[in-house]
Amino acid sequence: MRQFELSAPASVEAAVAGDGAFLAGGTTLVDLMKLDVLTPARVLDINGLSLHGIDVGDGLRVGALERMSDVAAHPGVYPVISRALLLSASQQLRNMASIGGNLLQRTRCTYFRDVAMPCNRREPGSGCPAVAGANRMHAVLGTSEHCVATHASDLAVALVALDAEVRLVSAAGGRTVALTDFYRQPGESPEVENVLRDGELITEVRVPGLDWAAERSTYVKVRDRQSYEFALCSAAVALDVEGGRVVDARVAAGGVATVPWRLGAVEEALRGAPATVESFERAASVAADGARPLAGNGFKVSLLKRTVVRALLEVTEGSR
Ligand SMILES: Cc1cc2nc3c(=O)[nH]c(=O)nc-3n(C[C@H](O)[C@H](O)[C@H](O)COP(=O)(O)OP(=O)(O)OC[C@H]3O[C@@H](n4cnc5c(N)ncnc54)[C@H](O)[C@@H]3O)c2cc1C
């Protein structure tokens, strides 16, 4: 690990006026500093800032420094969010890791995490060995020739499905950005992962009120082992069903794309359809449209469709 200067700003204003990497739980930042993937000269410990609180009213507001475990355990949090959190990492990590840090965790691509290898995300223009290399874990959607790394956050998938927003603050002022607009697909510039400006802080996450998500939502995560593992594929689903028909739907996928992937075409196919296995399979058949599988990850195309169906069946169990 390289030497760095550590300070702890006393206010949000002081934090965004400073120059350095924000430290919350440190479970990504310190990990990547130990690997020399990140080498900040200055680290700003933000844990003393008042970015806390889980408020449930007309929707949900969560402070960026709330820990994953506390948010998962809160009774007012929609099941799709708490399940996504509980299926993430381990209890010890969830006790440390913050909501803001979770949304800004970096990809788990092994080439990105190994400084002996080229990586366009880490060193623009150096190449992407994953395209022709070991790519079983990599993305099939939203990829470019320059990067095929998946987005690793489970929480972000649930939040994208629910139209969540992040509140951002910088020295220039505050702004609110929809999470669907927050992340950037790699395209020509994989090193630019989101729209966050230099020195900009996530202060909170806001989820609009969606009564039926409290009743009928879930997160299904398929992985190589049942705990402490990143997703091969995941699906976040919230469904409004009345009289055996789908009135409204929110669906997003993880583990298969370079950003948390909203499945708008699946939602469209679900609206008005009967809540049956057959119509769920029909809707899920378009989930992987546009996918560009690599040599090692073609299985993700059918896995994505099956994962979406499983999540839809799970939320309608007992009402079909
Ligand atoms: C072994 C292991 C397994 C894991 N498994 C999973 C998993 O299955 N699913 C999953 O979703 N995640 C998983 N994770 C990732 C874990 O959830 C993240 O490391 C954690 O959420 C990051 O939060 P943190 O507070 O520790 O962030 P930090 O490490 O402190 O920060 C992460 C990044 O965000 C920046 N940052 C932090 N807070 C803010 C803020 N408020 N505003 C702006 N920038 C900020 C930091 O500068 C840094 O770049 C795993 C991690 C490990 C180590």
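This report describes a sheet, a ligand site and several single residues in a predicted model.

## The three-stranded sheet

Three strands of the model form an open sheet, in which the order is S1-S3-S2 and the pairing is parallel. Strand S1, which covers residues 5-7, and strand S2, which covers residues 21-23, stand at the edges with a single partner strand each, so one side of each is left without a neighbour in the sheet. On average, and with direction ignored, neighbouring strands of this sheet are turned by 30° against each other.

The pairing of S1 with strand S3, made of residues 42-45, runs in the parallel sense over three bridges. Within this arrangement, serine 7 stands opposite leucine 44 in S3.

## The surroundings of the ligand

The ligand is surrounded by 30 residues, and the closest of them are Phe22, Thr27, Thr28, Ser98 and Asp154.

A polar backbone atom of glycine 26 is 2.8 Å from an oxygen atom of the ligand, while a backbone N or O atom of leucine 29 lies 2.7 Å from an oxygen atom of the ligand. For glutamate 229, the distance between a backbone N or O atom and an oxygen atom of the ligand is 3.5 Å. On its own the ligand has 980 Å² of accessible area, and the protein covers 93% of this area.

Serine 98, one of the residues closest to the ligand, is placed in the loop between helix H5 (91-96) and helix H6 (99-103). Is serine 98 buried or exposed? Serine 98 has a relative accessible area of 3%, and because buried means under 20%, serine 98 counts as buried. A polar atom of the side chain of serine 98 lies 3.0 Å from the backbone nitrogen of glycine 101. When neighbours within four places in sequence are left aside, the residues in contact with serine 98 are Ala24, Gly25, Ala64, Leu65, Glu66, Arg67 and Met68.

Serine 189 is found in another loop, the one between helix H8 (179-182) and S8. The relative accessible area of serine 189 is 23%, and this residue is partly exposed. Serine 189 and leucine 87 are 102 residues apart in sequence, and their C-alpha atoms are 31 Å apart in space.

## Two aspartates with a positive phi

Most residues other than glycine have a negative phi. Aspartate 36, although it is not a glycine, has a positive phi of about 65°. The loop that holds aspartate 36 lies between helix H2 (29-34) and S3, and at 27% relative accessibility this residue counts as partly exposed.

Aspartate 163 is not a glycine either, yet it has a positive phi of about 60°. Where is aspartate 163 found? Aspartate 163 is in the loop between helix H7 (154-161) and strand S6 (165-170), and with a relative accessibility of 34% it counts as partly exposed.

Technical notes. Residues numbered from 1 in each chain as written. Predicted model: local features only at pLDDT ≥ 70, side-chain atom pairs only at ≥ 80, totals over all residues. Heavy atoms only, no water. Pairing = 2+ DSSP bridges. Helix = DSSP H or I, 4+ residues; strand = E, 2+ residues; numbered from the N terminus. Axes fitted to C-alpha atoms, helices over the stretch in contact; angles between N-to-C directions. Buried < 20%, exposed > 50% of the residue type's maximum accessible area, 1.4 Å probe, protein only. Polar contact = N/O pair within 3.5 Å; in protein donor to acceptor, adjacent residues only side chain to side chain. Contact = heavy atoms within 4.5 Å. Near = heavy atom within 4 Å. Areas by Shrake-Rupley, 256 points an atom, 1.4 Å probe, with all protein chains shown as cover.
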